Amino acid sequence: LCVLGVESSCDETAVSVVRKRGGQVEVLSSVIHSQIAAHAVYGGVVPEIAARSHVETIDDLCRRALSEAKTKGFDEAELDAVAATAGPGLIGGVMVGLSFAKGFALARGLPLIGVNHLEGHALSPLLAEPVAFPYLLLLVSGGHCQLLNVRGVGDYERLGTTIDDAAGEAFDKIAKVLGLGYPGGPALEKCAAEGDATRFVLPRALLGRKDCDFSFSGLKTAAAKVATDQVKTPQDRADLCASVQAAIARQLCERSERAMTAFTHGNTKPAFVVAGGVAANKTVRAELTKLADKHGFRFVAPPMAYCTDNAAMIALAGLERFSLMDADERSDMMGSMATVARPRWPLDEAAATASPVHK
Ligand code: ATP
Ligand code: MG
Ligand code: FE
């Protein structure tokens, strides 16, 4: 099977061609246009600017994705379906990518599959290497912080989620308070390298709870207070960055540990997958690797290009969905103009198992 994927849910426009033959996944192309520069001056993503930028770039990106795939022996006639993120995300952006994909599918008489962006992240490790189901997934991105039991394609159990900010959002907001710019995660990590992580004692959230939920807003408030009261020198700032980074890593470990303890599986050594932009953080990665070792899990972090937003993961999720459909379902998807964009779409919701279609 061969699928063209389109992603436009946030501040990355992306198009990719993915093929699966004999159980082997091949990413034939994965082109991405990041809008970071356009949003940096505002200190965060501006939805209106994002949607416009998607409109301006998507056509050209699609052409590039197709021609790059052709250099690897791909022929457009091979395409079996078109997949596009249908949510969750910034609705204006989602609509741009989804509408583009509808037009592309309609013009070629191909089925259109609306993909849940989180399902893309959940299946992203499979772009790089085979991973046996079920696996435990920690999804730590700019908008999400969740622990999921990935039992199979279309079979996700959410074990925990953040009750306020996402981990990446915490990095970004604290970095902003410290004047480190956007996106804050990489900037905060760089500053933390010179700091003492034991200098400031920061609050630990939801300590008494036995679930796998996360909370970062208390940490954000505490860090902002330390920043105004005690940060006078560059060394103070580095120490605060290091303390914040350690606190975030610790919380990710504490909740992941609970999930690992409760995780039932038939695998001798199940995988613990960390995906999303925060997986780039070296301290976070090192702590989670130690934790996985301790609990007998194989630590898997997809290559960074597949951790942050990309269309290859959307194409793969669409491809896996498509392979599970029977002939009737497939013909129902032909140029499926009724697929709707959804700003909110929880992965474990019943509707997440099917492309959202207006009845
Ligand atoms: P979502 O999938 O939830 O809609 P997103 O896809 O936009 O969000 P990603 O692109 O996966 O999110 O990740 C971006 C986030 O990762 C930002 O919050 C950024 O600060 C954070 N991040 C990136 N690199 C690092 C790093 N080295 N350390 C900490 N955080 C980082
Ligand atoms: Mg992004
Ligand atoms: Fe994402």
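Residues are numbered from 1 along each chain as its sequence is written, and chains are lettered from A. Because the model is predicted, local features need pLDDT of at least 70 and side-chain atom pairs count only at pLDDT 80 or more, while totals for chains, interfaces and linings use all residues.

**Whole chain.** Select the protein chain and show its C-alpha atoms, which fill a box of roughly 65 × 50 × 40 Å along the principal axes. The radius of gyration is 21 Å, which agrees with the value near 21 Å for a compact globule of 359 residues; the radius is taken over C-alpha atoms, and the globule rule is 2.2 Å times the number of residues to the power 0.38.

Next, colour by burial: 52% of the 359 residues are buried (20 or more other C-beta atoms within 10 Å of the residue's own, with C-beta atoms placed from the backbone).

Switch to a cartoon to see 12 helices and 10 strands (DSSP runs numbered from the N terminus: H or I of at least four residues, E of at least two).

**Helix H6.** Select residues 184–192, where Gly184, Gly185, Leu188, Glu189, Cys191 and Ala192 are buried. Viewed down the axis of H6, these residues fall within an arc of 165°, so they line one face of the helix (the arc is that of directions from the helix axis to the C-beta atoms).

Methods: A residue is buried if 20 or more other C-beta atoms lie within 10 Å of its own, exposed if 12 or fewer, and partly exposed in between; C-beta atoms are placed from the backbone.
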